[in-house]
Amino acid sequence: QVQLVESGGGLVQAGGSLRLSCAASGNIFSIDFMGWYRQVPGEQRETVATVSSGRTTTYADSVKTRFTISRDNGKKSVYLQMNNLKPEDTAVYYCNARGATTSMTRFNSWGQGTQVTVSS
């Protein structure tokens, strides 16, 4: 079992910043891929940013000049620094990690989600 725990969400005014953190734990051998996703009620979950084991990053067009994803392999963690937040960034943000367990099985785990609310 691999668990992901997110933290760092909250309420912020437009133009402000937040930093989301996500820590993985459990029977982890390696983490190949980590990412942040977000979902607004009634809409599909969308990809915000991803980072590979080689630290290659991707971003949604709507956030690429404002958000930065990073990972700390030693801490099995991924972070999302969000600057210049806009009301349209309001959503529940989810962390995802994919890799291999110590039993050499594959895992694809999600966090419980953290609410980010940006007021205008």
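Select Asp89 and show its side chain. Is Asp89 buried or exposed? Its relative accessibility is 0%, and buried means under 20%, so Asp89 counts as buried. Keep in mind that this is a predicted model, and that the values given here are computed from it.

Asp89 is part of the loop that joins β8 (77-82) to β9. Now select what surrounds it. Which residues are in contact with Asp89, once its neighbours within four places in sequence are left aside? They are Arg38, Val63, Arg66, Phe67, Val116 and Val118. Asp89 and Ser17 are 72 residues apart in sequence, and the line between them spans 11 Å.

Now select Cys22 and Cys95. These two residues form a disulfide, with 2.1 Å between their sulfur atoms. The pair links distant parts of the chain: Cys22 belongs to strand β3 (residues 18-26) and Cys95 to strand β9 (residues 91-101), 73 residues apart. A disulfide is a covalent bond between the sulfur atoms of two cysteines. Turn the view to look along the S-S bond. The angle about it is -80°, and the link of Cys22 and Cys95 is left-handed. A search of the whole structure finds one disulfide.

Cys22 has 1% relative accessibility, so it counts as buried. Cys95 has 0%, and therefore counts as buried too.

The next two stops are about backbone angles. Most residues other than glycine have a negative phi. Select Arg55, in the loop between β5 (46-52) and β6 (57-59). Phi of Arg55 is near 70°, a positive value in a residue that is not glycine. With the surface still on, note that Arg55 counts as partly exposed, because its relative accessibility is 47%.

Then select Lys76, which is placed in the loop between β7 (67-72) and β8. Lys76 is not a glycine either, yet its phi is positive, at about 50°. At 31% relative accessibility, Lys76 counts as partly exposed.

Clear the selection and colour the whole protein by secondary structure. How many helices and strands does the protein have? There are zero helices and 11 strands. Read from the N terminus, the elements run β-β-β-β-β-β-β-β-β-β-β.

Zoom out to see the overall dimensions. Along the principal axes, the C-alpha atoms fill a box of roughly 50 × 25 × 25 Å. The radius of gyration is 14 Å, which agrees with the value near 14 Å for a compact globule of 120 residues. Of the 120 residues, 42% count as buried.

Show contacts between residues at least 6 apart in sequence. Of these contacts, 56% join residues at least 24 apart.

Technical notes:
Residues numbered from 1 in each chain as written. Predicted model: local features only at pLDDT ≥ 70, side-chain atom pairs only at ≥ 80, totals over all residues. Heavy atoms only, no water. Helix = DSSP H or I, 4+ residues; strand = E, 2+ residues; numbered from the N terminus. Rg over C-alpha atoms; globule rule 2.2 N^0.38 Å. Buried < 20%, exposed > 50% of the residue type's maximum accessible area, 1.4 Å probe, protein only. Contact = heavy atoms within 4.5 Å. Disulfide = S-S within 2.5 Å.
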